[in-house]
Every structure is written in structure tokens, then in C-alpha cells.
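Welcome to a short tour of one model. Have a look at the ligand site and at one pair of helices.

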Amino acid sequence: MSALVEELSVKVFRGKRVLVTGHTGFKGSWLAAWLQSLGAKVVGLALDPPTDPSHFAAARLVDGMTDLRIDVRDQSAVRDAIVSAQPDFVFHLAAQSLVRRSYAEPIETWQTNVLGTLNVLEALRALEKPCVAVIITSDKCYDNVEWVWGYRETDVMGGPDPYSASKGAAELAIRSHIKSYFPNATSLVRIASARAGNVIGGGDWAADRIVPDCVKAWSVNQEVELRNPKATRPWQHVLEPLSGYLNLAMALTQRPDLHGEPFNFGPPAAQNHSVLELVQRMAEHWNQVRWRDVSQSAAGPYESGLLKLNCDKALHHLHWHAVMGFEDTVRMTAEWYRTYYRSPMQISSTTAAQISAYTAMAKQQGLAWAR
Ligand SMILES: NC(=O)c1ccc[n+]([C@@H]2O[C@H](COP(=O)([O-])OP(=O)(O)OC[C@H]3O[C@@H](n4cnc5c(N)ncnc54)[C@H](O)[C@@H]3O)[C@@H](O)[C@H]2O)c1
């Protein structure tokens, strides 16, 4: 990161106390790595990594941060941890994040995603210092009526499956708590919510996600089964929404009028590709891999169809937009996993190099946070 020491995000986060919940998971581990590279003092609050292997363990992120293993459903433990950390920033990502698992474990999903979020908000109430908090929900918080337009932040909350509904409910809880307890722009704590979806990138080994399915199968020379090859998704690299969350936090420090506002972060509307296209592109970076269409025989619980986000609000207020096209997104993802399966000890420097490369691309595109 040395060539980029003047970038805005370094200035804002260097030396700051930043608490990240869900730091042992896919997105949280990348955020923790990024914040470490910006010189922040990072405190993580989560359960154990949800997968083995995990990005958190492989990149040895524990070496650069305080690692707290606390259940977000434990109200007093969450309050004590946040009050004792005295954070300048909080990013709340801890969640039960899988749609299929939410069908099997609805109560745990609602408790973690809704009560866990309320516990973080309650802990923020107990802070007697300025703090900016970004609460991560999901694009699935919207009532998906399967229309062709991108959802805007003012659209109706909802979702048919327990995961999506819990994320919509978390948004309602955030809104209610802000209106009830942090009602005005002079509040010491400023809070916003962030909605993104369908991220890919190195270090994800979660169940029932297409990229992890591919690399798990291909790393042991097996073919991957495609349950839904024709489904299209607005794929984006994990660093894209994370740059949105960092931008939103930076903006909140300057702009009290953004307190209480939700923001969408997604790729350009045209960046929709099918699962099959994604797998074909991934395959270009591996040797002799195979896949099989099992869509005729694959039965599974309902998962909503295409869900696009309208990101004009982030562009207008934060000057944020996604940086990478589909090809770079897939290339970076495939390169990370190839390095991991060949030389796992190098993965921490691959993660750092990809964060630097992404920041350089943003800088080239003139994005303020990277300058
Ligand atoms: N990955 C995606 O494509 C995606 C898309 C939209 C939204 N999101 C949201 O982004 C956030 C991070 O997603 P991810 O893919 O990194 O998830 P993940 O499953 O990889 O990680 C979840 C993290 O939350 C922690 N956690 C789970 N239950 C907990 C509990 N009861 N107490 C404390 N910690 C707990 C885990 O230990 C882990 O650190 C989640 O809020 C998720 O809903 C993810």
C-alpha cells in the first residue's frame, strides 16, 4: 500500500478504532484485511469461521487485530465488547447469511439477523462518544416482485424466505431504532444501512454458492454440478461493496444529513451474467475442469429470481460506483483460489495485493476515496 499512502481512506481510518462484526466470515475477513492495510486498529466480534478452510485463518488475519468470539445474540456480551472497544467506526456484518440454511434454521436466522442487529444498535446507544456505524443487510431485504427495474432505497421491504425476510426486518429495526433513539443529526452516533448482494471473490467456501462449489470440486479434479446454470445474477467482486461501506462510513463522518439513510451498492445494470457464463470464465483460469447441468433433477427450496439494485443514491451522495467489469471480477477471484490451492502460505500477500490492485483501478477511474 506504500504508493497509495495519500489516499483518502488511509487518512480517515489510520489509527482509528474500528469494530467489525462477522470478521471471521467471507466479507468481514476482507474488510478486516482492508482496514488493517489502512492502518486501523481493528477489533473483530464473531463466532468461529463458518467454514474450513476460511479466508480469516488462511490469511492469518488474527495477527493484525483483536479477535473476540462473541455471539451477537448475547446482548450483554455485545454491549460490553462495544463499550469497552470505544470504537470510532462499527461495521456490522455478522449474520446467518445463507438462504438455504435459513429454511432449515428459521429461528436461529431471525435471532441472529434481527435480534443480533438490535443488540449492536443497543450497544451503540450505550456509547458516550462519536461513532459512525454501517449496518450491512442485503439486496434481499426488498420485496422482490420480479420486475425488471432496479430496486431503490425507498422500495418496500420483504422477502419470501426466512433469510430475506430477516434482512427486511433488520432494516425496519434499524429505522425504528434510529428514529426512536438516535433521532437527529446531532446524535453522537451516526448510523446508515448498506444493501448489496451476490458477491464473489477469493476466500469464500460457503455452502450452495457457485464459486465455492466450483473451486471445491475442481481442486480435487471433480466435476461441479450446476443446479441453476441459466439463472442470471448481478455478480460483483467482494471489494466492490466493501469500498461502498468504507465510503459510506467516511461520508457519515462529514455529513450529518446522511444519518439514518439506507444505501444500495451494486454493479452497473448491464452486468448480469448467467451461472454458466461465470463457470465458463472461471474455467479459463484452471486446467481441464468439468461441469454438469443437473437442473432437471435438482430440487431445492424457492430462491428469488433476478434482483437488481438501483445505485444512483450512492453515486449522487458518495460519488461511489463499482470499479471492475465481469472479466476482472472473475479473473481476480480465480487467481486468488489458484494461489491458495498451489501455495496457501502466500495467500495473505495475495489478499493484500488484490486490495492494492483494486484501489489502483479505482484511482485510475478518478474515484475520490482512492485519491
Ligand atoms: N456473501 C454475499 O453474497 C452476501 C450478499 C448480500 C449480503 N450479505 C451480507 O453480508 C454479511 C456478511 O456475509 P458473508 O457472506 O461474509 O457471511 P459469512 O457466512 O461468510 O460470515 C458470517 C459471519 O457472521 C458470523 N456470525 C454468524 N452468526 C453469528 C452469531 N450468532 N454471533 C456472532 N457472529 C456470528 C460468523 O462467525 C461469520 O464471521 C452478512 O450480513 C450477509 O447477510 C452477503
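## The ligand shell

Here Ala, Val, Leu, Ile, Met, Phe, Trp, Tyr, Cys and Pro count as nonpolar, Asp, Glu, Lys and Arg as charged, and the others, Gly among them, as polar. By that scheme, the shell around the ligand holds 12 nonpolar, 12 polar and 3 charged residues. This is a predicted model, in which local features need pLDDT of at least 70 and side-chain atom pairs count only at pLDDT 80 or more, while totals for chains, interfaces and linings use all residues. Residues are numbered from 1 along each chain as its sequence is written.

The ligand is surrounded by 27 residues, the closest being Gly22, Gly25, Lys27, Ala95 and Ser97; a residue is near if its C-beta atom, placed from the backbone, lies within 6 Å. Two or more shell residues come from each of α2 (26-37) and α6 (106-125), and α2 gives the largest share, 3 residues. Helices are DSSP runs (H or I, at least four residues), strands likewise (E, at least two), numbered from the N terminus.

## A helix pair

Helices α8 (residues 210-218) and α10 (residues 275-283) pack at about 40°, their axes 11 Å apart; axes are lines fitted to C-alpha atoms over the stretch in contact, and angles run from 0 to 180 degrees between N-to-C directions. The pair is therefore oblique, a class left over once angles under 35 degrees (roughly parallel), over 145 (roughly antiparallel) and 65 to 115 (roughly perpendicular) are set aside.

Ile210, Val211 and Cys214 of α8 meet Val275, Leu278, Val279 and Met282 of α10, with contact meaning C-beta atoms, placed from the backbone, within 7 Å. The residues of this contact are 7 nonpolar, no polar and no charged.

Conventions:
Contact = placed C-beta atoms within 7 Å.
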